[in-house]
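Dear colleague,

Please find below the structure that I promised to hand over. My notes on what was found in it follow directly after it.

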Amino acid sequence: MSIGYRDRALYCEAVALADIAADAGTPCYVYSAAIIRENFRAYDQALAAVPHTVCFSVKANGNLGVLRLLAQMGAGFDIVSGGELYRVVKAGGDPAKVVFSGVGKTAAEIEEALGAGIFVFNCESEPELALIDALAHRLGVKARVAVRVNPDVDARTHAYISTGRLAHKFGVDLGEAEAVYEHARAHKNLSVEGVSCHIGSQLVDTAPVMEAVDRVLELIDRLRARGFDIRHADLGGGLGVSYKPEQSVPAISEFAACIASRLAGRDLHLLIEPGRSIVANAGVLLTRVLYRKKTGEKDFVIVDAAMNDLIRPALYSAHHEIVPVRDTGAPASRVDVVGPVCETGDFLARDREMAGVFPGDLVAIRSAGAYGFVQSSNYNARPRAAEVLVDGAAWRIVRRRESYDDLVRSES
Ligand code: LLP
């Protein structure tokens, strides 16, 4: 079960992508339920030796169909907003398995999370601890908290998605962590139960992660020696995926087993927050070629998806493979794949050697299941794409394409 060619036609599991495009239209995100399940299971099984909860990071893909699939497998969820909590609950997720991260939680969001009975707040500053304490007091509950520490390791990934250095806005410095824990202990309505950390995303090298894990475990030893009853360690997400066929990344099983081995015998519940590694390679963005056009130096393939649908190439210079949905064997050439948005930055690939495609042809932009639809916008008054979930031979639209009416619904 995967996304691949059969008789020169690209399939997602047992469904031809051309059939989906004919019905759902383009641009359209398509996700494979089998791949999502397989990736989730790979984490769950590799961590079997230690008590654990795999908390899917909702920011990577918040579609209700995707969240429901994961909730049914027993996933917990990592959220960063009240909106993400709302999605998790709507999808049937268990609030008791939710961790709430983020540097800017508002009072309203904290109250919603306390009301829902989430598992833990990953707190990022002393004022945040004080606010959670005050709100918990008002609601007559005790809030479970962990402090997110910044281990000051270099994640060696794109600057915009690296989070674990002292110059970043995330967490509290490891050197100040014990003072912050003492501060937290003084709040009567907080139950200080964990330590959390997350050093960045699209990590293809596990060494920095293991370095961070070791620093967190050392901190836990010191906190326990001071009498803190630390019960869990949240080691964040971050495992990268292969965006290019030749790019090798650690397998989920290998990465997770390595983390589990560090925690063995420590009487700690392990939480991890993977997003990308569960959904990225489970998704494609289907788009249709509108025109071809040559300018002085360039050969452009103009498609009906644009930077508003998938901003990763424009924002991070990210590479996504682009393949024809019908492999006609047309000779390859070097092209720029661009969308209709009025910006030179609106490209999906630049100077890409790619199989020949022509107006009317469908192409699939691969590895688009994570940080794809969730980062899409209505820029240029473009309705956002449809989303489809495939499961074996069945498929359904899990988010319909927006209409023009949707574009103006909240305006007056
Ligand atoms: N936990 C925390 C606290 C995070 O900040 C993130 C991602 C994750 C977990 C999940 O990380 P993952 O397993 O997906 O690497 N938009 C960017 C990625 C931003 C990641 C932000 N934080 C992209 O398209 O590459």
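A word on domains comes before the findings: the domain bounds used here come from an automatic or database domain assignment. Please also bear in mind that this is a predicted model.

The two domains

The protein is divided into two parts: domain 1 covers residues 3–30 together with 280–408, while domain 2 covers 33–277. Between the C-alpha centres of domain 1 and domain 2 there is a distance of 32 Å. In the contact that joins them, domain 1 takes part with 23 residues and domain 2 with 22 residues.

The size of an interface is often given as the accessible area lost when the parts come together. For domain 1 and domain 2 this buried area is about 2,000 Å², and carbon and sulfur atoms give 55% of it. On the side of domain 1, the residues that lose the most area to domain 2 are Y316, Y371 and L389, which together account for 26% of what that side buries.

Which contacts link the two domains? Nine residue pairs are in polar contact across the interface of domain 1 and domain 2, with both residues of each pair at pLDDT 80 or more. The count of salt bridges between domain 1 and domain 2 is one. A salt bridge also joins the side chains of D391 and R37, with N to O at 2.8 Å.

Three elements, α11 (312–316), β20 (386–391) and β21 (394–399), each supply at least two residues of the side of domain 1 that touches domain 2. Of the elements on that side, β20 gives the most, with four residues. By residue class, the side of domain 1 that touches domain 2 has eleven nonpolar, five polar and seven charged residues.

The ligand

Which residues come nearest to the ligand? There are 18 residues around the ligand, and S201, E273, R312, Y316 and Y371 come nearest. For R312, a polar side-chain atom lies 2.6 Å from an oxygen atom of the ligand. In the side chain of Y316, an N or O atom is 2.7 Å from a nitrogen atom of the ligand. For Q375, an N or O atom of the side chain is 3.3 Å from a nitrogen atom of the ligand. Y316 and Y371 were also named above, among the residues of domain 1 that lose the most area to domain 2.

Salt bridges and local details

The structure holds 24 salt bridges. One of the pairs joined in this way is E211 with R215, where the closest N and O atoms are 3.1 Å apart. Both E211 and R215 belong to helix α8 (residues 207–225), and they are four residues apart, about one turn of the helix.

Two points of the backbone may also interest you. The peptide bond from T26 to P27 is cis, with omega near -10°, and P27 sits in the loop between α1 (17–24) and β4 (28–32). R8 has a phi near 70°, a positive value in a residue other than glycine, and R8 is found in the loop between β1 (3–6) and β2 (9–12).

With kind regards

Note on methods: Residues numbered from 1 in each chain as written. Heavy atoms only, no water. Contact = heavy atoms within 4.5 Å. Buried area = accessible area lost by both parts, 1.4 Å probe. Salt bridge = Lys/Arg side-chain N within 4 Å of Asp/Glu carboxyl O. Polar contact = N/O pair within 3.5 Å; in protein donor to acceptor, adjacent residues only side chain to side chain. Nonpolar A, V, L, I, M, F, W, Y, C, P; charged D, E, K, R; others polar. Near = heavy atom within 4 Å.
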